[in-house]
Each structure stands twice: as structure tokens, then as C-alpha cells.
Amino acid sequence: MEKVILVTGANSGIGLALCERLLYEDSQLQLCLACRNMQRAEAARSALLTSHPDAQIDLLHLDVGSVRSVLHAAHKVKASNVVKMFATAEGLLTQQDRVNKDGLQEVFATNLFGHFVLVRELDSILCQAGQTSRVVWTSSSNARRSAFSLDDVQHRLGTEPYASSKYASDLISLALNRHNNSQGLYSSVICPGLVMTNLTYGILPSFFWTLIMPIMYLIRIFTNTFTLTPHNGAGALHSLFLKKTESLDPRAKYHSLTSGMGSNYTQPRQMDIDDDMSEALYVKLLEMEKSARKRLKEEDDNKQAYKKYLNQTE
Ligand SMILES: NC(=O)C1=CN([C@@H]2O[C@H](COP(=O)(O)OP(=O)(O)OC[C@H]3O[C@@H](n4cnc5c(N)ncnc54)[C@H](OP(=O)(O)O)[C@@H]3O)[C@@H](O)[C@H]2O)C=CC1
Ligand SMILES: CC(C)=CCC[C@@H](C)[C@H]1CC[C@H]2C3=C(CC[C@]12C)[C@@]1(C)CCC(=O)[C@@H](C)[C@@H]1CC3
């Protein structure tokens with residue numbers, strides 16, 4: 001059976017840098033780049049193959065913001081091979097959250113719910129007797145308890161959907177460990193620090209970042225969280241890959257950090273999370289998953305019935 005590392009959001013930023021770092025570590029690894037835009041995914045694969053011509057890199061179409069796409073992608077993964085680690089490196093940062101096709105808040109769906117459904121759907125291959133697998137959530141220092149409410153897990157009513165979704169990912173990682181460690185599945189959380197990627201360029205125009213870049217490098221002398229490059233930002237993801245799953249602390253967030261001199265290292269810091277809250281969120285997500293599946297089944301049944309009707313009337 002093959003050892004496959006599935007990376008979401010792998011066509012740019014931290015996800016792509018993780019793939020590069022993993023291939024430098026072991027060019028025999030089999031990577032699966034799960035992306036919503038296949039053109040960009042193809043470009044990422046070509047870039048990786050340029051430096052690692054023998055690498056085995058598969059592409060998987062996945063829009064984590066769509067439950068249908070998640071179920072379809074999981075079906076394909078299950079039919080092919082075994083995933084040993086899967087890292088979430090996609091993300092949506094916006095203050096103007098909106099409702100998506102599934103009737104869910106887009107930020108919540110992209111940053112949390114899609115991955116939750118993917119983990120659950122892949123449990124038959126992630127949870128296998130005698131083997132360990134892992135899920136790594138790319139969270140943020142922006143994850144704050146004050147931004148999250150159990151009464152509004154999708155953050156329909158608030159103004160900090162990103163911070164809420166990242167706090168929720170910290171909670172859900174803890175719950176996944178509680179429910180799945182005994183079956184060999186381990187979950188961890190990382191924070192990449194401040195990294196210059198499409199996500200950050202989306203907040204402020206790139207000329208602004210270029211202008212303040214010297215100041216950022218100066219700030220790095222005083223704060224090690226300014227990792228700045230995707231390579232440095234992917235440091236914690238990479239270092240977790242090298243560590244034994246069982247040795248990781250389920251209550252810690254592993255931070256990518258960079259010293260003033262530019263060397264990168266990883267440090268665990270305790271998260272502000274508790275078991276009751278993580279269990280309550282887990283139960284809510286299970287309910288939401290059930291109703292999302294039911295809704296999709298009804299949609300499919302209606303389509304089938306309509307097709308049948310058309311065939312009969314022809
Ligand atoms: N940059 C930073 O300073 C920080 C980043 N983070 C987190 O790191 C993670 C990676 O972000 P970063 O590398 O900076 O950002 P990028 O914008 O460079 O990368 C995000 C990736 O996610 C993909 N993506 C977005 N939405 C979806 C979707 N619905 N389905 C599938 N793929 C999707 C993008 O694909 P596409 O090309 O199709 O848009 C892209 O490949 C995020 O979770 C972010 O929240 C956390 C803290 C700080
Ligand atoms: C050096 C000067 C003049 C200003 C620095 C401002 C920063 C403190 C600020 C600008 C963009 C912000 C930002 C984040 C933190 C604060 C800033 C760096 C995040 C890293 C917070 C965590 C995330 O998840 C990121 C997506 C944020 C990116 C933007």
C-alpha cells in the first residue's frame with residue numbers, strides 16, 4: 001500500500017511550499033495536490049517536477065467549500081490509495097462573508113466544514129488497524145475564543161468569520177483526537193506566522209507590502225512570528241511530518257517561527273481550548289454533515305426522477 005500525502009490548497013503559498021519541502025525531504029513520497037483550479041494545480045505540479053523530476057504527483061479536483069465536491073473527491077481518493085497525512089493549507093480571509101450553494105457561510109465552509117466532512121468521509125482509509133495517519137490544520141494566531149460562539153458556529157451574525165473559523169479548527173482538532181486516536185488517526189494544528197502569499201496580498205495592495213518589507217524584516221528581529229516567506233511559513237507543517245504522531249500534544253498549536261537572522265524553527269504553544277466546547281462543536285458539525293448529505297441525496301433523487309419523467313414523456 002502506498003503512502004500518500006494529500007495537501008489541500010497546494011497550488012500556491014504555504015501549501016505549495018509544504019510540497020516543495022516534503023519532496024526535498026524524500027523525493028519518493030507520493031503527493032496528491034487537492035485544488036479547485038486544475039490549471040493552477042497543473043502549473044504547481046510542473047513547478048514541483050522541475051526540481052524533482054521523479055516525484056509522483058497526482059492532482060485531485062477539490063473545492064473544499066462545496067460538500068458535493070468534497071464527497072466526490074473523497075470517493076476518488078478511496079478508490080485509489082491510502083492517505084497517511086493530509087494537510088489543510090487552503091484558506092479564505094474576508095470580512096464580507098456570504099452564503100454558498102450549500103446554504104453555509106463561505107468562510108466557515110472553506111476553512112472548517114469541508115475538511116471536517118473530508119476527514120469523516122476518508123475515515124475508512126485514515127483509520128486503519130496497525131497504521132497511523134494524521135490531519136494537520138493550518139490555523140492562525142488570529143484564532144480567538146472571543147470571535148467564536150457555539151450558538152453561531154458559522155459566524156452568521158458576527159464580523160470576524162476568519163478568526164471564528166480558525167478557532168473552530170483548533171477545537172475540532174482536539175475533538176478528532178479524542179474520537180480517533182484509538183483508531184490511529186491523529187490531528188494537529190499549526191500556525192504559519194505572517195507569510196507573504198496571495199492571502200496577504202488580498203488584504204492590502206502588493207505595492208504596500210513591498211514598501212513596508214524592509215520594516216517587516218526589522219520587526220522580525222523582535223518578533224519571531226514574521227516568517228514572511230511561504231518556505232518559512234510551511235516550517236511547522238514540515239516539522240510535524242518528521243515527528244512521531246503519538247508524540248504530538250493535542251492541545252498545542254505548533255508555530256512556524258523565524259529568527260532575526262532568518263533561521264526557522266517550530267515551537268508548540270498551548271491553545272485556549274476546552275474539551276466541553278470542542279465536543280459541543282463536534283456534535284454540531286456531525287448534525288450539519290447529516291443534513292448536508294440528506295439535502296444532496298434529495299437533490300440527486302429529484303434529478304433522477306426528473307430524468308425518468310423526461311424519458312417517459314419522449
Ligand atoms: N499568509 C499568512 O500570513 C497566513 C496564512 N494562514 C493560513 O494558511 C493557509 C494557507 O494560506 P496561504 O498560503 O497564505 O494563502 P494562498 O492564498 O497563497 O493559498 C491558499 C490556497 O487555498 C486554495 N483555496 C482557497 N479556497 C479554496 C477552496 N474553496 N477549495 C480548494 N482550495 C481553495 C487556493 O486555491 P486557488 O488558487 O484556487 O485560490 C490556494 O491554493 C490558510 O488556511 C490561511 O488561513 C494563517 C495565518 C497567516
Ligand atoms: C510594519 C507595518 C508598518 C505594519 C505591520 C502591520 C501588521 C501588524 C499587520 C498588517 C497585516 C496583518 C496581518 C496579520 C497580523 C497583523 C498584520 C501583520 C495576520 C498575520 C494575522 C493572522 C492571519 O491569519 C493572517 C492572514 C493575517 C495577515 C495580515
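This is a predicted model: local features need pLDDT of at least 70, side-chain atom pairs count only at pLDDT 80 or more; totals for chains, interfaces and linings use all residues.
View 1. Leaving aside residues up to four places away in sequence, Phe-113 touches Val-67, Leu-104, Phe-108, Leu-285, Met-288, Glu-289 and Ala-292. Phe-113 is also among the residues with the most contacts inside the largest nonpolar core, a set of 51 residues. Helix H4 (residues 106-121) supplies the largest share of this core, 8 residues. Another core, of 32 residues, lies apart from it and includes Ile-5, Leu-23, Ala-41 and Leu-48.

**View 2. Salt bridge between Asp-170 and Lys-253.** The closest N and O atoms of the pair are 2.9 Å apart. Asp-170 belongs to helix H6 and Lys-253 to strand S7 (residues 252-258), so the pair ties together parts that are 83 residues apart in sequence. Asp-170 is buried, at 2% relative accessible area, and Lys-253 is likewise buried, at 6%.

**View 3. Salt bridge between Arg-295 and Glu-299 within helix H11 (residues 275-313).** The N to O distance is 2.7 Å, and the two residues are 4 residues apart, about one turn of the helix. Arg-295 is partly exposed, with 26% relative accessibility, as is Glu-299, with 32%.

**View 4. Nonpolar surface patch of Leu-218, Ile-221 and Phe-222.** Together these residues have about 390 Å² of accessible area. Leu-218 lies in helix H8 (residues 206-219) and counts as exposed because its relative accessibility is 54%. An unreviewed UniProt entry annotates residues 199-219 as "transmembrane region". In the model this span is 81% helix and 0% strand, and its end C-alpha atoms lie 20 Å apart.

How values were computed
Residues are numbered from 1 along each chain as its sequence is written. Chains are lettered from A and ligands numbered from 1 in the order in which they are written. Side-chain values use heavy atoms; hydrogens and water are left out. Patches are made of residues with over 30% relative accessible area and no salt bridge: like charges are joined within 9 Å, nonpolar side chains (Val, Leu, Ile, Met, Phe, Trp, Tyr) within 5 Å. Accessible areas come from the Shrake-Rupley method with a 1.4 Å probe; for residues, only the protein chains shown count as cover. A salt bridge is a side-chain nitrogen of Lys or Arg within 4 Å of a carboxyl oxygen of Asp or Glu. Buried means under 20% relative accessible area, exposed over 50%, partly exposed in between (1.4 Å probe, protein chains only). A nonpolar core is a set of buried Ala, Val, Leu, Ile, Met, Phe, Trp, Tyr and Cys residues joined through side-chain atoms within 4.5 Å. Contact means heavy atoms within 4.5 Å. UniProt positions are given in the numbering used here, feature names are shortened, and annotations may be inferred rather than shown by experiment.
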